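Student: Could you take me through one part of this structure closely? I'd like to look at the place where the two chains meet.

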Amino acid sequence: MDVHALQQIVHRTRDARRKQTIPKLPPAERDQLIHKYHPDYRASAYRPIRFGPNADDKTVVELATLLEGDSPIADGFDLTPDYQTDVLVVGGGGAGCAAALHAHGAGAKVILATKLRLGDSNSVMAQGGMQISVAPEDSPVTHFVDTLKGGHMQNDHQLLKVMVEEGPSIAKWLLSLGVLFDRDGDGNLHVKKGGGSSKPRLLTCSDYTGLEIMRVLKDEVLNQKIQLLEFCSAVELTSDEEGNCTGAIFKDLDNHRHVVVAAKSVILATGGIGRLHIQGFPTSNHYGATGDGLCLAYRMGAKLMHIDTFQYHPSGAVYPEQLIGALVTEGIRSEGGHLVNAKGERFVNELDTRDVVSSSIIRECEEGRGIRTMSGRIGVWLDTPLLDAEQGPGTVEKHFPAMMMQFERFGIDISKDPVLIYPTLHYQNGGVKINTDSETNVKNLFVAGEASGGLHGRNRLMGNSLLDLMVYGKRSGLTAASRAGAMKQGKLTLMHLQRFRTDAKMHGNLSGVTSPMILPAYTRKE
Amino acid sequence: MAQEDKENVIDQPEVIRHKMVTIEIAGKKYEVPEGITIIKALWYSGQEVVRGAGCLGGFCGACAAYYRTKDDPKVRTCLACQMAVQDGMSITMMPPFPARKATYDIQTLDNPKQDLFNLYPEAPLCRNCNACTEACPQQIDVREGVWKAVFGDFKSVSEMFMDCVMCGMCTPVCIADIAPNLVALYVSRAEGAHFTEKPLGLDTRIKEIQDGRFNDEWAKILTMTEKELADHCAKVK
Ligand SMILES: Cc1cc2nc3c(=O)[nH]c(=O)nc-3n(C[C@H](O)[C@H](O)[C@H](O)COP(=O)(O)OP(=O)(O)OC[C@H]3O[C@@H](n4cnc5c(N)ncnc54)[C@H](O)[C@@H]3O)c2cc1C
Ligand code: SF4
Ligand code: SF4
Ligand code: FES
């Protein structure tokens, strides 16, 4: 049968479905569903890490292998610095730009080094929006409670409290830089309701929230003339005799030379791990999302947390093949789009938390109510035309121009035809453990953004990441800058690496790989 | 997987049994599966890609490319992560272009509409050739945007360029040496920072937080036992 014939069931059942309300799952049923179907609970995909700060903790095999991997830097490496700075920011996404701008603003000398171009990151792709409690009926406390609930009550309370309380002032900062958030008729910030939230709280810039914020932040980094090292990928950190962080070693991807940067403090803002394709999942992440920061911090002795839990975004594209893994924004479900199985039935409250929705999609597919493409992929329908039916023709086009264009390129008009979706690997819930200054247990080593862990607990609520980036980017930048004046540049040694290698040897050098990965190996070899 | 029923299968054999097509990448011929994106075609043909790939999702503009289809003399532009290859296509990636970006302090501009002419003096020299619009893979009416910027209609420009991924394809084609995307970026930021209403509700909320309006609630929440907190959370709908 062809796509159009199969889609008919979605059109045919639309009116009946519109009369239906599906309650969110009560806690017990939700836990049962997740335990049975969420990829985080597939025991076979996990193994314990053999040594290092998280020895015996379990994580996915792909990540454990990289964490135990060896550094590409040899023991006798020449550590003469090519650059010296107060604050070294590694990563040019949202967290990195925010950190660099705030550290620079506080008077520190800053270098921002990044793997690809400035801004090539997950941050530019954020479509759904940014959670900040600005509405009168909302409050930071409600934001806190919603997030805690979404995070299975495992969130670090202090990190979370700081984030929700600083949110409004972050919105003000972004506005002052010229970010164009959507507005209501009275000039106030327009807020939308996101999955798992009890109040409308998502600030948006059409469906280009991340792009708009990043265009502005990138421009600001350039205006401030912050020194940039583009196409430079961090491959190792350096430490002094006490084990404090003192700089980093990069590989220049243009000429394969190494670059050494001595820094009083280092902020890792290297983002997530989608490109490891854990458990074989496609991903919504950018090309450089290979978890490098986790490997670097781990070798240095920083403790990681919640690295056994990942977010599978419920709606990754499954068809056409060219868009595999690409995100179909949650905004569609926020605005009332239904999820529909092959029998034309809804099967979950579309606004339940992401883990619940993803698990239920996987259940539908595993129990034979999915739609299969001939390339062997499977998915369920997302009824996008419903939005036009509910809110009038042109709604999809007006509210989701980015998505319209993405599908139009492959001849699909999502305002007329539903799209086929399946969970896609989207976000690393955990990461390097930090405190409210964004500092790790390794002195002068800061981590901000998706590479850090704790704030989101075991499941991130939609829209909380953009806020996380700005709040902890700022805090890491300010703390690192304030320290710089009073401190001396520490020595550059690889003592932490010697320790790590001894440890690895004791455990039989089991991994056999070099890490970080830098870029995924997509190039076809003959 | 319990997937016996053939009913729910999208029957498109070509999706698995790829038809191979011949394309030309930077002047060399390669056989690749029809319909994969240009970036995937580069990988398929054995090339390492460092420059020319970023988000892989159509948002970062790193993958600007030129292409031409069989028997058509017209050279078009696209985002290589979003464009499917077809037989006879000829492709090349666009290298970075050395456009000049003006630097400014957006918050302390005196007269942003006038400042445009100091920052980008070439902007009013637009000769209306429309090459920028034709080059834009995001289908923005770039020429119109440049004109509107010059005439001070900053609001329209900021709306028109919301889709701009800063790929820079509009720049090398401009006969007046304008970088339309950079002009638009300045204009959009000025619109946001200077010509947009300040949201009063936001200031109210910031003040409430400063004044400790939520302190009692915080005190209550943060001293709850795990069980109490879980019960409290469960009540919130
Ligand atoms: C498609 C998509 C949509 C999303 N939508 C939303 C949304 O609507 N709302 C929301 O809140 N969140 C959203 N998220 C999540 C959010 O965008 C990310 O979690 C967030 O952008 C991460 O920001 P970051 O700065 O930590 O990392 P990134 O933005 O990914 O930046 C990491 C940077 O580090 C660089 N880097 C990596 N390794 C190295 C290295 N070894 N050396 C040097 N540089 C390195 C990368 O190149 C990149 O520049 C979305 C994510 C995706 C993928
Ligand atoms: S306006 Fe210019 S930079 Fe922006 S998307 Fe179009 S061609 Fe690219
Ligand atoms: S290419 Fe340059 S001169 Fe031609 S319309 Fe565009 S901005 Fe004007
Ligand atoms: S790689 Fe970002 S737009 Fe194509």
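Tutor: Here is a walk through the interface, from the whole contact down to one pair of helices. Keep in mind that this is a predicted model. Chain A puts 91 residues into the contact and chain B puts in 83. Together the two chains bury about 7700 Å², with 60% of that on carbon and sulfur atoms. On the chain A side, A:Arg215, A:Arg372 and A:Met374 supply 9% of the area this chain buries against chain B, more than any other three residues.

Now for the polar side of things. The rule finds six salt bridges across the interface. One of them joins A:Asp219 to B:Lys101, whose closest N and O atoms are 2.7 Å apart. There are also 32 residue pairs in polar contact between the chains, counting pairs with both residues at pLDDT 80 or more. Several elements of chain A give two or more residues to this side, including helix 1 (3-18), helix 7 (209-223) and strand 15 (371-373). Helix 6 of chain A has the largest share, with eleven residues. Sorted by type, the chain A side comes to 44 nonpolar, 22 polar and 25 charged residues.

Finally, zoom in on helix 5 (residues 140-150) of chain A and helix 9 (residues 226-235) of chain B: their axes come within 10 Å and cross at roughly 105 degrees.

Technical notes. Residues numbered from 1 in each chain as written. Chains lettered and ligands numbered in written order. Predicted model: local features only at pLDDT ≥ 70, side-chain atom pairs only at ≥ 80, totals over all residues. Heavy atoms only, no water. Axes fitted to C-alpha atoms, helices over the stretch in contact; angles between N-to-C directions. Helix = DSSP H or I, 4+ residues; strand = E, 2+ residues; numbered from the N terminus. Contact = heavy atoms within 4.5 Å. Buried area = accessible area lost by both parts, 1.4 Å probe. Salt bridge = Lys/Arg side-chain N within 4 Å of Asp/Glu carboxyl O. Polar contact = N/O pair within 3.5 Å; in protein donor to acceptor, adjacent residues only side chain to side chain. Nonpolar A, V, L, I, M, F, W, Y, C, P; charged D, E, K, R; others polar.
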